[in-house]
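I opened this model to look at its ligand site and a few residues elsewhere. My entries follow the order in which I looked things up.

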Amino acid sequence: MYQNVLDLHSYWAFGVLGLLLIAAINALSGLGSKRAFTPRDRQISMVALIFSHIQLVVGIILVIVNPQLEIAKVAGMGGVMKDPHLRLIFVEHPLINIIAITLITIGWSKHKKTAEDAKKFKSIGYMYAIALVLLLSRIPWGQWFS
Ligand code: HEM
């Protein structure tokens, strides 16, 4: 169970990061070129949003089924914070990524509330780009590619 969820989370991450990059670049280039916001722009941003939400659900399941959760429980909050690996996977990575996915959701919601094309591009472009930087800052890179 744990291994399957970890594999899914691990491969899905490529999709999330790739789609966020594409959506952010697409929105920022749309903003820069002052072009109209089209249904295709909406689709790209929506697919990135959906992928990130699915990753959030898979991530929560991964915490629940994680065998290292027992070690974390025994260590307690103080012990987890003193251990760089446990702190990364149970505190920093989930917390920062939930904040990032919240920003993606805010960017998406704000674009729907305005009729101005430039503002649509701005809310998606800025929010998705900030979220991407946050996600990249807390990926457990060492174990992802090992
Ligand atoms: C878009 C958001 C996210 C991305 C791109 C992402 C990406 C990743 C990646 C690449 C790994 C390493 C996988 C591996 O070792 O093969 C990982 C591990 C992990 N993620 Fe996420 N993650 C995201 C959100 C979350 C969230 C929201 C949670 C929890 C609420 C979470 C929980 C975990 C846990 C617990 C691990 C460590 C698993 C282990 O080593 O046993 N992730 N994540």
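**Ground rules.** I am working from a predicted model, where local features need pLDDT of at least 70, side-chain atom pairs count only at pLDDT 80 or more, and totals for chains, interfaces and linings use all residues. Residues are numbered from 1 along each chain as its sequence is written, and side-chain values use heavy atoms, with hydrogens and water left out.

**Fold.** I looked up the secondary structure and found 6 helices and 0 strands in the protein chain. Helices here are DSSP runs (H or I, at least four residues), strands are E runs of at least two, and numbering starts from the N terminus. Along the sequence I read α-α-α-α-α-α. The C-alpha trace spans about 55 × 30 × 25 Å along its principal axes. Of the 146 residues, 37% count as buried. I use buried for under 20% relative accessible area, exposed for over 50%, and partly exposed for in between (1.4 Å probe, protein chains only).

**Iron site.** Which protein atoms are donors of the iron atom of the ligand? I found NE2 of His9 and NE2 of His93, lying 2.0 Å from the iron. The pair links distant parts of the chain: His9 is in helix α1 (residues 2-33), His93 is in helix α4 (residues 84-113), and they are 84 residues apart. Donors are N, O and S atoms within 2.8 Å of the metal (3.2 Å for Na, K and Ca); water is not among the atoms, so sites may look incomplete. With 6 donor atoms and angles of 87 to 178°, the iron site is octahedral. For six donors, that label needs opposite donors over 155 degrees apart and all others between 65 and 115.

I then checked burial of the two histidines. His9 counts as buried because its relative accessibility is 14%. His93 counts as buried because its value is 13%.

**Ligand shell.** I listed 25 residues around the ligand; Tyr2, His9, Asn66, His93 and Gln143 come nearest. Helices α1, α2 (39-64), α4 and α6 (141-144) each supply at least two residues of the shell.

Next I looked up polar contacts (pairs of N or O atoms within 3.5 Å). An N or O atom in the Tyr2 side chain is 2.3 Å from a ligand oxygen. For the side chain of Ser10 the distance is 3.0 Å. For the side chain of Gln68 it is 3.2 Å.

**Lys34.** I found Lys34 in the loop between α1 and α2. Lys34 has a positive phi of about 55° although it is not a glycine. Most residues other than glycine have a negative phi. Is Lys34 buried or exposed? Lys34 counts as exposed, because its relative accessibility is 74%.

**Thr114.** Thr114 is in the loop between α4 and α5 (117-137). At 18% relative accessibility, Thr114 counts as buried. A polar atom of the Thr114 side chain lies 3.1 Å from the backbone nitrogen of Glu116.

**Lys110.** Lys110 lies in helix α4. I noted Lys110 as partly exposed, because its relative accessibility is 49%. The C-alpha atoms of Lys110 and Lys122 are separated by 9.6 Å, and the two residues are 12 residues apart along the chain.

Definitions and conventions: Four donors count as tetrahedral if all angles lie between 85 and 135 degrees; four count as square planar and six as octahedral if opposite donors are over 155 degrees apart and all others between 65 and 115; anything else is irregular. A residue is near a molecule or strand if one of its heavy atoms lies within 4 Å of it. A polar contact is a pair of N or O atoms within 3.5 Å; within protein, one must be able to donate a hydrogen and the other to accept it, and residues adjacent in sequence count only if both atoms are side-chain atoms.
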